[in-house]
Amino acid sequence: MTDVDRRRDRGWSENAVRLIDADARRSADTHLLRFPLPDWSHWVDDGGRTVGVDLYLKDESTHPTGSLKHRLARSLFLYALCNGWISEGTTVIEASSGSTAVSEAYFAKLIGVPFVAVMSSSTSRSKTALIERQGGRCHFVDNPADVYAVAADLARQTGGHFIDQFTMAERATDWRGNNNIAESIFAQLEQEQYPVPTWIVVGAGTGGTSATLGRYLRYRRHPSWLCVVDPENSVFLPAYETGDGQITGTKGSRIEGIGRPRVEPSFVSQVIDRMIGVPDAASIAAMRAASDVLGRRVGASTGTNMWGALTVVGEMVAQRRPGSVVTLLCDSGDRYADTYYDDAWLANAGLDLAEPSAAFSTMWETGRFQS
């Protein structure tokens with residue numbers, strides 16, 4: 001490469017970073033919603049003050065691509081650009097059929113490079129349409145376990161870049177600040193009654209969000225605790241409990257966006273203070289109940305988060321320990337009209353919501369949550 005070529009490549013990369021930064025400024029930050037809890041969540045202490053537990057939802061559905069994965073995709077693209085891995089004309093490749101691929105396709109289109117998402121041939125048309133709408137192309141494989149190897153092969157064949165969310169998530173995000181999700185949460189809580197949350201509750205897909213939050217809490221010396229919730233068929237919880245990072249599962253998670261059949265490189269268990277396993281039926285019941293309270297549909301991973309958040313809320317109320325709890329509203333439930341919100345789909349999947357729905361109702365009436 002000549003000096004002229006290097007300068008041209010550097011100029012293209014600098015403009016790509018500018019485009020991504022400008023997009024972030026236009027979209028501003030996501031909202032922190034106060035989730036309305038019943039009267040039992042507050043009480044009068046011995047000093048005559050009204051205290052209690054406040055619950056907040058960081059609404060990541062308001063990103064331009066509609067999910068928490070927008071933050072990850074932006075960080076992955078900036079990391080790859082600043083490392084010189086993406087240049088003009090580089091094909092960016094990912095192994096994903098979900099929200100990450102949608103968001104990555106958005107950023108590829110923004111900076112003018114091709115994007116290919118490698119996924120199982122059984123992926124629903126509604127999912128592929130979201131990726132294609134952002135200008136991405138879908139590459140199908142028959143065996144879902146082959147998506148990583150095929151993505152890497154495609155990168156080699158095309159001279160492209162395998163962006164690899166599951167490996168790069170924890171290192172691509174600047175956990176010290178730069179308006180990451182942790183810094184944003186604490187800034188938005190500054191004027192609240194309890195500006196430093198007692199608990200932050202999140203799920204794990206790549207592990208990048210929990211790594212960012214856990215590191216930030218330690219870096220800023222906040223006394224908050226980090227709880228990670230894990231759905232059925234995910235190995236993050238057993239890996240955390242046993243310390244065995246080589247555990248693998250035979251099934252995939254039914255809760256889109258979180259849970260993995262292997263311990264991903266971005267999962268940093270050492271920064272997590274507690275993990276809670278959440279049955280799939282409980283995730284979906286909490287999703288539907290939270291949607292009723294908010295007056296709009298949320299996704300199932302938000303239901304998983306809510307189940308964990310209400311677990312710690314119930315514990316704090318029982319202990320008469322005032323404070324705040326923060327969790328994430330990951331994406332809109334409109335994406336799941338033909339799955340989690342479809343009773344016929346639930347019946348076919350063998351999911352009965354009666355018991356967890358009753359538990360949620362009891363919690364709502366009494367403040368006692370039997371998770």
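Predicted model: local features only at pLDDT ≥ 70, side-chain atom pairs only at ≥ 80, totals over all residues.
Me: How is H2 oriented relative to H3, roughly parallel, roughly perpendicular or oblique?
Reply: Helix H2, spanning residues 69-82, packs against helix H3, spanning residues 99-111, with the two axes 8 Å apart and at an angle of about 45°. Angles under 35 degrees count as roughly parallel and those from 65 to 115 as roughly perpendicular. An angle of about 45° therefore makes the orientation of H2 to H3 oblique.

Me: Is the crossing of H2 past H3 left-handed or right-handed?
Reply: The two helices pack at an angle of about 45°, and the contact draws on residues of H2 including Leu72, Leu76 and Phe77, together with residues of H3 including Tyr106, Phe107 and Ile111. As H2 passes H3, the crossing is right-handed.

Me: How many nonpolar residues does the contact of H2 with H3 have?
Reply: On the H2 side the contact includes Ala73, Leu76 and Leu81, while Ser103, Glu104 and Ala108 are among the residues from H3. Sorted by class, the contact of H2 with H3 has 3 charged and 4 polar residues, and its nonpolar residues number 9.

Me: How are H2 and H6 oriented to each other, roughly parallel or roughly perpendicular?
Reply: The axes of H2 and helix H6, which covers residues 165-172, come within 9 Å and cross at roughly 85°. Because angles from 65 to 115 degrees fall in one class, H2 and H6 are taken to be roughly perpendicular.

Me: Which residues of H6 meet H2?
Reply: By class, the contact of H2 with H6 has 6 nonpolar, 2 polar and 1 charged residues. From H2 come Leu72, Ser75, Leu76 and Tyr79, and the residues they meet in H6 are Gln165, Met168, Ala169, Arg171 and Ala172.

Me: Which residues does Leu78 touch, leaving out those up to four places away in sequence?
Reply: Leu78 lies in helix H2, and its C-alpha atom is separated by 29 Å from that of Ser253, which is 175 residues apart from Leu78 along the chain. With residues up to four places away in sequence not counted, Leu78 touches Val17, Ile20 and Asp21.

Me: How much area do domain 1 and domain 2 bury between them?
Reply: The domain assignment divides the protein into domain 1 (28-59 + 178-366) and domain 2 (67-163), whose centres, taken over C-alpha atoms, are separated by 27 Å. Their contact takes 19 residues from domain 1 and 10 residues from domain 2. With 44% of it on carbon and sulfur atoms, the area buried between the two domains is about 1000 Å².

Note on methods. Residues numbered from 1 in each chain as written. Heavy atoms only, no water. Axes fitted to C-alpha atoms, helices over the stretch in contact; angles between N-to-C directions. Helix = DSSP H or I, 4+ residues; strand = E, 2+ residues; numbered from the N terminus. Parallel < 35°, antiparallel > 145°, perpendicular 65-115°, else oblique. Left-handed = near helix turned anticlockwise from the far one by under 90°. Contact = heavy atoms within 4.5 Å. Nonpolar A, V, L, I, M, F, W, Y, C, P; charged D, E, K, R; others polar. Domains from an automatic or database assignment. Buried area = accessible area lost by both parts, 1.4 Å probe.
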